[in-house]
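Please keep the model open while reading.

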Amino acid sequence: MNRRGLKRRDDRRKAAQSLREQPPSFSGGENESQGLHHRSDQPALHAIPLGFAEVETTKDARLPACQKLPHLEFPQSFFFLRSPKLGRKMPELLGITFLALSWMVHAGTTGLWCYDSQDPKCGPSHWKEITSGCGGQNQSPINIDRRKVRRDWSLDEILFEGYDQAPPGRWRLMNNGDEVKMTLDGASAAEQINITRGGLRDTYRALQFHFHWGDLKRNGSEHYIDGIQYPMELHIVHMNIKYKTVNEAKQHPNGLAVLSFLFKIADTDNTNYNTVVASLRNISRAGEYVDMASTFSLSNLLPSLASLSKYYRYKGSLTTPNCDEAVIWTVFEEQIPISRSQLNIFVDTTYFKSSAGTPQKMINNFRPLQLLGGRTVYASRDATINCGSSLVANLLLPLLLSSLIG
């Protein structure tokens with residue numbers, strides 16, 4: 001071997017020895033919040049584990065802020081590395097690293113997704129490319145056309161168990177980076193909040209509720225009624241008690257039951273929402289949460305009890321990836337009043353998950369309408385059905401003829 005070859009081999013040996021002697025260090029931002037600190041006495045290696053959304057590759061190249069990598073466990077040595085000591089070998093190592101990253105991302109459950117208000121490149125129109133479930137035939141949300149719904153007289157009043165009580169336990173309001181969510185944890189089996197009847201063949205336990213909204217100029221409900229989108233939408237998510245975990249429930253078409261409530265703008269504040277609205281200022285950034293000092297009756301958040309027998313029912317999916325088609329949807333006819341100032345606090349106070357740069361306000365966090373396809377939307381026995389002109393004519397014409405003949 002000539003001198004040049006010996007020198008290259010010696011350089012590679014020294015670089016490898018240097019990496020073994022100098023453990024990876026981290027610099028700034030989210031890493032410090034994870035207990036990982038930059039050691040100023042060591043050359044900084046630009047490194048980031050797969051649990052974070054920002055990856056420094058070459059120069060200033062970064063993943064879009066909206067791209068969220070799944071949290072995965074991995075060996076401590078698995079990092080993106082950039083060091084001048086690696087020289088020309090760096091592109092080869094990066095190539096191997098990105099191949100591994102690609103495999104691990106696709107192995108995740110949610111992949112890289114966001115809303116159009118964050119980045120259209122990873123918005124809802126691309127979700128089916130990320131996870132095939134979002135391209136299914138029974139997706140949500142939908143437009144409920146009340147001229148085409150079918151009356152189902154078995155859809156009587158839903159039994160709300162525990163909705164009128166403030167159960168013991170810990171409720172946590174959290175900004176998870178995509179929505180504002182209240183988890184309903186801590187209640188014993190005897191004190192859980194359940195729904196049954198109303199055409200539901202099983203009992204469903206309440207797990208959490210969350211909101212979807214638009215912006216200062218645009219409505220943001222996920223479901224529409226007769227082509228009308230509403231300012232905001234509340235989802236109360238329940239799990240079939242026959243299943244032990246949410247992941248198990250997602251594998252069955254009757255695994256989850258979600259109650260959907262639409263909002264309307266009122267002239268005055270809805271004081272029942274004061275606790276939630278006031279807490280938003282403490283959870284403006286993704287990952288922030290507040291544990292509620294006390295719980296409250298969920299029925300306080302809903303329309304009047306007398307109106308809850310008016311609803312629409314269909315089979316659909318979750319409205320975020322993986323878009324599991326495991327949901328029995330109940331969309332209520334009566335809207336919840338909220339003032340414009342209260343709604344604006346949702347729009348102005350909370351921010352999406354962001355890996356770098358200026359945080360983006362959490363606006364328009366709703367999925368666009370999905371095709372109904374061959375599904376049927378059913379109206380409860382008390383719900384409104386809008387009869388089309390042709391249907392009215394078909395019903396009235398025989399009556400008119402019989403009266404004339406008689």
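## A hairpin and its partner strand

This is a predicted model. Ile158 has Arg197 of E6 as its bridge partner. That pair belongs to an antiparallel pairing: strand E3 (residues 158-161) and strand E6 (residues 194-197) are joined by 4 bridges.

E6 also pairs with strand E7 (residues 200-213), again in the antiparallel sense, over 3 bridges. Here Asn194 has Arg205 of E7 as its bridge partner. E6 and E7 make a hairpin, with 2 residues between the strands. Gly198 sits in the turn and has a positive phi of about 60°.

## A three-stranded open sheet

An open sheet of 3 strands runs in the order E1-E8-E9, and its pairing is mixed. Strand E1 (143-144) and strand E9 (228-229) are the edges, each pairing on one side only.

E1 pairs with strand E8 (residues 224-225) in the parallel sense, through 2 bridges. Ile144 stands opposite Ile225 of E8.

## A buried glutamate

Is Glu179 buried or exposed? Glu179 is buried, yet it has no salt bridge. The nearest side chain of opposite charge belongs to Lys181, 5.2 Å away.

Glu179 lies in the loop between strand E4 (171-175) and strand E5 (180-184). Neighbours within four places in sequence aside, its contacts are Met174, His210, Phe211, His212, Met362 and Asn365.

## Packing of helix H7

Helix H7 (residues 340-349) has several buried residues: Gln342, Leu343, Ile345, Phe346, Val347 and Thr349. They pack against E7, strand E10 (232-240), strand E11 (256-266), helix H6 (274-279) and strand E15 (336-339).

## Cysteines

How many disulfides does the structure hold? There are 2. One joins Cys114 and Cys122, with sulfur atoms 2.3 Å apart. This link is right-handed, with 100° about the S-S bond. Cys114 and Cys122 are both buried.

The other disulfide joins Cys134 and Cys323, with sulfur atoms 2.0 Å apart. It is right-handed too, with 80° about the S-S bond. The pair links distant parts of the chain, 189 residues apart. Cys134 is in the loop between helix H4 (127-130) and E1. Cys323 is in the loop between strand E13 (311-316) and strand E14 (327-332). Cys134 has 5% relative accessibility, so it counts as buried. Cys323, at 1%, also counts as buried. Cys387 is partly exposed, because its relative accessible area is 47%.

Notes:
Residues are numbered from 1 along each chain as its sequence is written. This is a predicted model: local features need pLDDT of at least 70, side-chain atom pairs count only at pLDDT 80 or more; totals for chains, interfaces and linings use all residues. Side-chain values use heavy atoms; hydrogens and water are left out. Two strands pair if DSSP finds at least two bridges between them. Buried means under 20% relative accessible area, exposed over 50%, partly exposed in between (1.4 Å probe, protein chains only). Lys and Arg count as positive and Asp and Glu as negative; His and the chain ends are not counted. A salt bridge is a side-chain nitrogen of Lys or Arg within 4 Å of a carboxyl oxygen of Asp or Glu. Contact means heavy atoms within 4.5 Å. A disulfide is a pair of cysteine sulfur atoms within 2.5 Å.
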